[in-house]
Amino acid sequence: MEDTLHQLGIEWNKLIAQIINFVIVLWVLNRFAFRPVLKILEERRQKIAESLQNAEKIKQELAEAEEARKEILRKANEQASLIVAEAQKVATFQGEKKIQEAVEEAKRILQKAEETARLEREKAKEEMRREILKLVVDISSKVVGKTLSSDDQERLKNEVLSRLPQREVSDAYSRN
């Protein structure tokens, strides 16, 4: 057997030395290359998961703002209904002129409430867009591994804004 190995060019002492060298190189690579790379990948995965949680939180806050808008409209409608009802009671005593004034006041209150709700909705949408843009720039910077230039940030912001579902968000608000 030793003659066969010698004919193939295999020498035991060199083979053992090569195996030892291979084990040492494998240990060094595992210790100083593979573990740090795996650690970096795990950190990135955690940052991305954290960013997704933040995006979900922003989505939830937007839903809460929508609920607040609905509540404001409901209260405004109730208040307008109360004013109209009160105006009708007064109108029986004071005439048609008072009814007209009360109806106009109710319309103004309703318009004001709708304007307030519209402004709050726009504020919430703008806040959501700013947060999304900030998250996209932060995530992109972390994933790329370098700080993005202001031109890259602006290009990325414009691209994200163009992909945001503008119509669906505005449709959700206009349904109420």
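**View 1. The largest nonpolar core brings together I58, L62, A124, M128 and L135, five residues in all.** A nonpolar core here is a set of buried Ala, Val, Leu, Ile, Met, Phe, Trp, Tyr and Cys residues joined through side-chain atoms within 4.5 Å, where buried means under 20% relative accessible area, exposed over 50% and partly exposed in between (1.4 Å probe, protein chains only). Helices α2 (12-94) and α3 (96-144) each supply at least two residues of this core, and α3 gives the most, with three residues. The model is predicted, so local features need pLDDT of at least 70 and side-chain atom pairs count only at pLDDT 80 or more, whereas totals for chains, interfaces and linings use all residues. Residues are numbered from 1 along each chain as its sequence is written, and side-chain values use heavy atoms, with hydrogens and water left out.

View 2. Once its neighbours within four places in sequence are set aside, A124 is in contact (heavy atoms within 4.5 Å) with L62 and A65.

**View 3. S51 is found in helix α2.** S51 counts as buried because its relative accessibility is 12%.

**View 4. The chain as a whole comes to five helices and zero strands.** Helices (H or I, at least four residues) and strands (E, at least two) are DSSP runs, numbered from the N terminus. Buried residues make up 18% of the 176 residues in the chain. Among contacts between residues at least 6 apart in sequence, 74% join residues at least 24 apart.
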